[in-house]
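Reader: I am new to this structure. Please take one part, the surroundings of the ligand, and describe it closely.

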Amino acid sequence: MEIRTRGEACGKVILFGEHFVVHGVPAIAAGISNKTTVEVEPSSEMLFIPGNQRTIPELTYRSINNVLSAMGIKGNFKVTLGGDLPTAGGLGSSAAFCVALAIAFAKQAGLTLSKEQINNFAYEGEKAFHGNPSGIDNVLATYGGVMTYTRGTTSKENKFEPLRTVGRFYLTVGITGKSSPTVAMVSKVGDFKKTKPDEFAELAKKAEKIVSEAEDSLFSGNMERLGALMNENELLLEALGVVSAENIKIINSARGAGALGAKITGGGGGGCCIAIAKDKTHAEQILVAIRKEGFDGFITTVG
Ligand code: MEV
């Protein structure tokens with residue numbers, strides 16, 4: 001058996017439908033090329049080494065324990081985080097961490113796992129970070145690609161389907177640098193739903209329509225329409241109250257640089273924004289505009 005084992009998994013962007021997906025509305029997400037890596041080795045005590053990433057150790061230890069107990073593995077390990085996926089930014093880093101963990105722990109225990117098993121074990125780890133995760137992040141971290149995801153009433157009923165897209169397209173990701181507390185944002189939306197059920201139902205209906213039209217636009221390659229739908233989706237997220245002043249600055253600068261559409265991605269309240277570009281050069285121009293506003297970012301492809 002290897003002493004030190006490794007796992008890796010990709011991050012994701014939610015193209016359409018975050019937050020509403022927690023409440024059963026379909027969402028579309030895509031794996032991105034940035035990855036989280038995890039190295040695991042037996043140790044006399046449980047140790048988590050975050051490298052140069054911002055993490056919340058208490059939640060991370062809890063997620064490691066959740067994954068280990070779901071997998072039925074006993075013992076202490078040193079867990080080292082690596083990779084180029086920024087944490088705490090709505091890019092699915094906690095889910096990618098849990099998927100990478102399950103892969104590395106399986107190698108420690110000499111287990112061969114199916115993707116479905118990896119996804120299920122990672123979901124248990126995700127619960128430590130989110131409380132009420134829809135499951136979309138761990139599905140994307142496990143399978144990658146572009147997916148429509150629908151949460152069921154039980155996790156066994158969660159459904160996901162790979163989406164056909166016409167070719168690849170470029171996204172510019174803008175990073176606010178403000179930690180995105182997904183758990184707080186998800187609970188804020190939960191409160192909105194409780195206090196304004198009719199308003200929430202109206203927004204959710206619109207979100208569902210946007211997702212269905214976005215599937216068609218992705219299939220036909222109608223990027224102009226896809227961008228317009230992204231802007232419409234952003235308005236719904238603003239109505240939910242999950243968009244921060246930093247998010248707005250990035251979105252406006254991307255649109256000012258001619259982005260076909262722009263919105264937050266993931267939990268919001270900071271974290272990251274995405275903008276659809278016409279091509280690679282345009283994606284770079286959008287990135288320059290975002291940097292001029294004082295934010296960092298990167299370019300990724302989808303499809
Ligand atoms: C987080 O990446 C996306 C949210 O919809 C939460 C979830 O689906 O678990 C905000």
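Author: To sort residues by class, Ala, Val, Leu, Ile, Met, Phe, Trp, Tyr, Cys and Pro are counted as nonpolar, Asp, Glu, Lys and Arg as charged, and the others, including Gly, as polar. By that division the shell around the ligand holds 6 nonpolar, 5 polar and 3 charged residues. The model is predicted, so local features need pLDDT of at least 70 and side-chain atom pairs pLDDT 80 or more, while totals for chains, interfaces and linings use all residues. Residues are numbered from 1 along each chain as its sequence is written, and side-chain values use heavy atoms, without hydrogens or water.

The shell comprises 14 residues, each with a heavy atom within 4 Å of the ligand. Lys12, His19, Pro133, Ser134 and Asp137 come nearest. At least two shell residues come from S1, and at least two from H4; helices (H or I, at least four residues) and strands (E, at least two) are DSSP runs numbered from the N terminus.

Several polar contacts (N or O atoms within 3.5 Å) can be described. In Lys12, a polar side-chain atom lies 2.9 Å from an oxygen atom of the ligand. His19 takes part through its backbone, with a polar atom 2.9 Å from a ligand oxygen. For Asp137, an N or O atom of the side chain is 3.0 Å from an oxygen atom of the ligand. Taken alone, the ligand exposes 300 Å², and the protein buries 98% of that area (Shrake-Rupley method, 1.4 Å probe).

The ligand sits in the largest pocket, as more than half of its atoms lie within 2 Å of the pocket's grid points. A pocket is an open set of points, on a 1 Å grid over the protein atoms alone, where a 1.4 Å probe fits and protein lies on both sides within 12 Å along at least five of seven lines; lining residues have an atom within 4 Å of a point. The space in this pocket is about 720 Å³, filled by probe spheres set on points joined across faces, edges and corners.

Its lining has 44 residues, with Ser94, Phe129, His130, Ser180 and Thr182 nearest the centre. By class, 17 of the lining residues are nonpolar, 22 polar and 5 charged. Strands S1 (5-16) and S4 (77-83) each supply at least two lining residues, as do helices H1 (57-71), H2 (93-109), H3 (115-130), H4 (136-143) and H5 (182-195). S1 and H4, which contribute to this lining, are also the elements named above for the shell around the ligand.

Conventions:
Polar contact = N/O pair within 3.5 Å; in protein donor to acceptor, adjacent residues only side chain to side chain.
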